[in-house]
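Visitor: I would like to learn how to read a model like this one. Please show it and take me through it.

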Amino acid sequence: MHDLQAQSQAWLLGGNPPEFPLSADADVYGLDNGDVLVVDGFDLVRVDQMGNVVWGRHYEENGSVVIINHVCERSDGQLVMAIANVTVDGVSLGWMRTNAQGVPQAASFFTGQPFPLTSASISLHTDDSFTMLCIMVDQDGNSFDRVLRFNASGTLAYACLLYTSPSPRDRTRSRMPSSA
């Protein structure tokens with residue numbers, strides 16, 4: 001379990017707007033009950049069907065910013081999101097599950113050493129298991145694309161390496177012919 005903290009914003013109650021603007025790259029996710037989540041990477045805001053701000057959250061781990069890449073709603077109303085932890089060493093990808101109010105319940109970072117550049121998206125299945133596509137680029141420009149499947153509790157079911165660059169067949173010591 002990671003020490004993720006949800007920092008509630010001052011605009012949590014009364015439907016008042018935030019004291020700062022969201023980024024232009026914000027995404028909107030519709031929820032089953034008609035509410036929407038607005039995510040700009042750094043902040044997560046829930047807006048009800050009448051347009052009132054229900055709550056807003058900003059996430060950190062040990063003083064480092066947690067970036068929200070993508071959000072899905074589970075059948076029980078909890079949220080599952082692809083996240084990234086940004087430190088001076090780089091970026092680590094992971095997932096976080098929150099309750100319906102955006103308060104962290106469980107999280108895991110799984111990329112090992114931080115990468116300079118990462119991206120992730122998440123897809124939720126009907127049984128509340130989820131799949132993530134993770135793209136990681138190391139300091140030498142090598143890319144590693146993986147599909148990761150987790151069960152509903154967040155335990156890794158499988159990992160599939162889709163692509164790596166340079167490709168192993170591009171190396172002179174590879175047994176795979178370049179025409180393969």
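Guide: Start with burial. Buried means under 20% relative accessible area, exposed over 50%, and partly exposed in between (1.4 Å probe, protein chains only). Strands are DSSP runs of E, at least two residues, and helices are runs of H or I, at least four; both are numbered from the N terminus. In β11, 6 of the 8 residues are buried, so the strand is mostly covered.

Visitor: What kind of model is this, and how are residues numbered?

Guide: It is a predicted model, in which local features need pLDDT of at least 70, side-chain atom pairs count only at pLDDT 80 or more, and totals for chains, interfaces and linings use all residues. Residues are numbered from 1 along each chain as its sequence is written, and side-chain values use heavy atoms, leaving out hydrogens and water.

Visitor: Where is confidence lowest, and where highest?

Guide: pLDDT is the predictor's confidence in each residue, from 0 to 100. The protein chain averages 77, and 73% of the residues score at least 70. Strand β1 (residues 4-8) has the lowest mean, 53; strand β3 (residues 36-39) has the highest, 90. Over residues 8-16, pLDDT stays under 50. Where pLDDT is low, the predicted coordinates should not be read in detail.

Visitor: Which strand pairs with β11?

Guide: Two strands pair if DSSP finds at least two bridges between them. β11 pairs with strand β12 (residues 143-150), antiparallel, over 8 bridges. F130 has F150 in β12 as its bridge partner. The hairpin has 5 residues between the strands, and G141 takes a positive phi near 90°.

Visitor: How many salt bridges are there?

Guide: A salt bridge is a side-chain nitrogen of Lys or Arg within 4 Å of a carboxyl oxygen of Asp or Glu. The count is 2. One joins D35 and R46, with the closest N and O atoms 3.0 Å apart. D35 lies in the loop between β2 (27-30) and β3, and R46 in strand β4 (residues 43-47), 11 residues apart. D76 and R74 also meet in a salt bridge, at 3.1 Å, N to O.

Visitor: What does R74 contact?

Guide: Contact means heavy atoms within 4.5 Å. Leaving aside neighbours within four places in sequence, R74 contacts V80, R97, L124, D128 and A152. R74 itself sits in the loop between β6 (64-73) and β7 (79-87).
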